[in-house]
Structure formats: C-alpha cells, structure tokens
Amino acid sequence: MDTQPTNSREKVPFVQKAAFGAGHLVNNLLPGSLGVFSFFLLTAFGIDPFLAGILGGLPRIYDAILDPIIGHISDNTKSKWGRRRPYIFVGAILSGVLFAILWQLDPKDTEMYNFWYFLIFSLIFLTGNAIFATPLIGLGYEMTSDYNERTRLMGFSQTIGQIAWMIVPWFWVIIADPTMFKTQAEGVNKLAVIVGIICLVLGILPALFCREMDQTNLENKEPVTHKNLWSGLLELFKSISQITKNKPFLKLCAATFLVFNGFQMVASFSYFIIVFYLFQGNYGLAGTWPAWFSTISAVFTAFLIIPIVTMISNKYGKKNAFIISTVLSIIGYGLKWWGFSPDHLWLMFIPLPLISFGLGGLFTLMMSMTADVCDLDELENGMPRKEGTFGAIYWWMVKLGQGIALVLAGWVLEVIGFDAGKPVQSVETITNLRLFDIFIPIITAAIAIWVMWDYNLSEEKAKEIKKELVARRGEL
C-alpha cells in the first residue's frame, strides 16, 4: 500500500477540522435529543401513542424528500461565500432556535393543540436542519482531495460527534429527576433551550472557519433560482439517475444500510436486557446502568476505535479497514452472550470496544469513501460536482433504513412475546431477546462484508482519478 505523505496544501488545518467536528457534534446532538425528548410526548404531554407515531413518521417522510432538493440547490449555488457555508450559517441558526421552540409544549393545552403545534414546528425545524446538515456533509467531501487526509478528517469529525452520544443518554436521567425539575414537561422545555443554544453556537463554526473547494476551475451549471426551478428539479432527477448508476456508491449505501440498521434494530434491546435480565424488571435497581452502557460505548468509539480505524485505513486501505473493523464488531456481538451476567454486572462493558468497531469504522470510512466516489462521478459525468446530492442520498438511505429498523424491532419484540409493561418476562422471551440482540447485527454485518468484498475504488485508482481531474480543470 502506498503511504506517501500528504501534500501540505491538501492537509486540513486543525482549526478547520475542529470547526467541521463541531458541526458533526450538532448533527448528532439534535437527532439524539429529538429521540429522547420524543418519549416524553407520551409521559409529560399526554399525547396518544398513535398520534405520537404519526408525529414520528410524517416528518421523516418530509425530511427524506427535502434532503436531495437541498443538496442539489447547494451543489448549484454560486456566491462569494461559497456553495455550502451560507446555508450552514443560516441553517445552524434556524436549527438551534426552532429546536428550542419545538419543545415549548404545555401539558395544560389540549392533546390536539399539542399535536398540531408539534407537527407544524417539526416540519419547520426539519427544513432549517436540512439547510444546515446537507451542505455540511457536502462540505466535508470537498475540504481535501487527498485519499488519506479524507479519512483523517472524517475520523476526527466522527470523534467529536461521538461526544453527543456521551451526553444524550443522560437526558433521560436529568429530565426525570425531580430534584432538578418540578415536572418532566419543565425539564423538556428548559433542556431544549439549552440544547438549541449549544447547537446554534457550534453549528455556525464550520461556516466561519472551514474552506470549500476552489471553484475557479470548476464550470458550474446555471444556479438554481425561482425562475428556473422546474428545470432545476429536472436536473436533480438527472443527477440522481447518474448517482444510482455509480456502482461503488451503491456498495457504500448497501453496506451502511446493513451495518447501521442491523445495529439500530437491536439498539433498544440492550436496555431491555439490562433492566429485565440483569435487574429482573426493577427500573429503580437498574438506575443509571443503561446510561453508562451507552456513554462508555461512545467513549470507546471516540477515543479508541476511530483513531485505530483511521490508522488501519492509512496502512491497509479503506476497504480492508472496513472489513477488519466489521469482523471485530461481529466478535464483540458474539461476546454479549457472556457479557450480560446478573452475577457480574461489570462484564457488560467487556464487549463494547469490539462492538464499537462497527459504527466507529462505518461512518469514518464510508464518508471518506463517498468523497472518493464524488471524484469518480466528476470524471464520468462532469460538472457540477455533486457532493451535496451524494450526501443527501446517502443519508436519505440511512434515515429510510432507520425507520424500517425501528418497525422491524417492534415486530421482533412482539413475536418473542416481550411486554415492557410487565415487570417479569418469561425465560423463553429473555433468551430469544438475547439471541436476536446478538445474531441480527452479526448477520447484517456479515452480508455487508460480502457486499464490500469486491469494492474496487482503491487508493491507486483514486489518485489516478485525481490526477486526471486536475489536468482536465487546468490546475497546477
């Protein structure tokens, strides 16, 4: 493997990496907080479970439609501030403010008032968040064109982003703590404002400090305006058609879908196993153990796994790093059978470093490889570069898979006879829950390895593509 040093002009300065990482922290903190806060729609604000399901489902559909449109608009924007940064700046402000407003519900209001209030502001919030998040992803793909520096950039940003997952599990504890807030509703109201302010401040940093690709030698097409909106939409469909013919990108999407959603399907199972297997259904005794389980997993991912994956990638290539990290995660999932022991509670943390190789390696490597795919697309289809559209489609696929995974997780729990309302589950139910918790992510991860086995966009090929693009653009 060629490991020649990165050219100095392709290195991303630490300040820019930190600013980009701050954006990814926001990109994790907002959906993580949204997931926790949504639980309190039922318990704190009295929303019917069916209506709460609608509030979770409809905005996801809207978000999935919106992302590619925002990505396409960003790809075709011309301004003195760049294609991405103006949207990131405005979107960060909108995201922070609207997230705080979204959660100013009052349990004294009627159920239908709170339903419509939350639904309307969910759609407005997701619009602002898409304006922030989609260009941010596209920005990351173009901050450097160096094969290995892309992995280092994505690894660093994912490390910073993991801080969100160290914090979010404790929101459950904070909101429900009567010594901190008089009611859960008050906890949600006030904590949402704090989260919103943090996301606003951190979210504008990529717009202020990160650099975009030099547009001097890039022949962009006519920017999308209200006058050419229809033709712009037709161009979007053409771009999506071109992207769906990009085989390396389809492999990245398929592998991500499998690994991430195999994990998502069983994400809640560990919580149930801790409560109902280790503590016999006693939530009081379970206490903060579930929160510690999630937090320590994020700590391992951020400070141990991602640096190791980055090192493996630089030495053996991105595809091989993905295969190695995914195999290690499979071993970790298998160890969960022995790790969850009522007699030795601390053993639950033993498999976490290996399990963390799954998601820690996944997004670090896949985002780096998507940047390489954007170069391939420019080589095959010309201008404009489509980082925003690639990013939007990739994350649309992730969100779609997440929705499917949540539905399937509920189906699995129903099939095995699990009932969270019962303090004690049958031995058969707990055994089946533990088996599904292990074998679902193992099977999906194994299929993902098979999908990526013949991925052929190697470092050598990526460098050849880069060399040809530089010559085509007339750059030095």
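Guide: What follows is a series of questions and answers about this model, which is a predicted one.

Visitor: Which residue forms a salt bridge with Asp372, and how do you know?

Guide: The partner is Arg150, and the closest N and O atoms are 2.7 Å apart. The cut-off is 4 Å, so the term applies. Asp372 lies in helix α15 (residues 352-381) and Arg150 in helix α5, so this pair ties together parts that are 222 residues apart in sequence. Asp372 and Arg150 are both buried.

Visitor: What separates Glu186 and Lys190 within helix α7?

Guide: They are separated by about one helical turn, because they stand four residues apart in helix α7 (residues 184-203).

Visitor: Why is Lys190 called partly exposed?

Guide: Its relative accessibility is 45%. Buried means under 20% and exposed means over 50%, so a value in between is called partly exposed.

Visitor: How many salt bridges does the rule give, and which residues are linked in a network?

Guide: The count comes to 18 salt bridges. The network links Asp75, Arg83, Arg84, Glu142, Arg150, Lys318, Asp372, Asp375, Glu378, Arg385 and Glu387.

Visitor: Let us turn to helix packing. What makes α3 and α7 roughly antiparallel?

Guide: Their packing angle is about 175 degrees, and their axes are 7 Å apart. Angles over 145 degrees count as roughly antiparallel, and α3 and α7 therefore receive that description.

Visitor: Which residues of α3 and α7 meet, and of what kind are they?

Guide: From α3 come Ile88, Ala92, Ile93, Gly96, Val97, Phe99 and Ala100; from α7 come Ala192, Val193, Val195, Gly196, Leu200 and Gly203. The residues of this contact divide into 10 nonpolar, three polar and no charged. Gly counts as polar under the rule.

Visitor: How are α5 and α6 packed, and which residues make the contact?

Guide: Helix α5 (residues 147-167) and helix α6 (residues 169-176) pack at about 35 degrees, with axes 4 Å apart. Trp165, Met166 and Ile167 of α5 make the contact with Pro169, Trp170 and Phe171 of α6. The contact holds six nonpolar residues, no polar and no charged.

Visitor: Why is His24 called buried?

Guide: His24 has 3% relative accessibility, and buried means under 20%. This residue is in helix α1 (residues 14-43). Not counting residues up to four places away in sequence, His24 touches Leu136, Ile137, Ser157, Gln158, Gly161 and Met367.

Visitor: Why are Lys245 and Gln280 called exposed?

Guide: The relative accessible area of Lys245 is 65%, and that of Gln280 is 52%. Lys245 is in the loop between α9 (229-243) and α10 (247-265), whereas Gln280 is in the loop between α11 (269-278) and α12 (283-286).

Visitor: What is the phi of Gln280?

Guide: Gln280 has a positive phi of about 55 degrees, although it is not a glycine. Most residues other than glycine have a negative phi.

Visitor: Finally, which residues have the most contacts inside the largest nonpolar core?

Guide: They are Phe37, Trp103, Phe322 and Met366, in a core of 96 residues. Leaving aside neighbours within four places in sequence, Met366 is in contact with Leu252, Ala255, Thr256, Phe322, Tyr394 and Met452. Another core, of 25 residues, lies apart from it and includes Phe272, Ile273, Ala405 and Ile430.

Methods
Residues numbered from 1 in each chain as written. Predicted model: local features only at pLDDT ≥ 70, side-chain atom pairs only at ≥ 80, totals over all residues. Heavy atoms only, no water. Axes fitted to C-alpha atoms, helices over the stretch in contact; angles between N-to-C directions. Helix = DSSP H or I, 4+ residues; strand = E, 2+ residues; numbered from the N terminus. Contact = heavy atoms within 4.5 Å. Salt bridge = Lys/Arg side-chain N within 4 Å of Asp/Glu carboxyl O. Buried < 20%, exposed > 50% of the residue type's maximum accessible area, 1.4 Å probe, protein only. Parallel < 35°, antiparallel > 145°, perpendicular 65-115°, else oblique. Core = buried A, V, L, I, M, F, W, Y, C linked by side-chain atoms within 4.5 Å.
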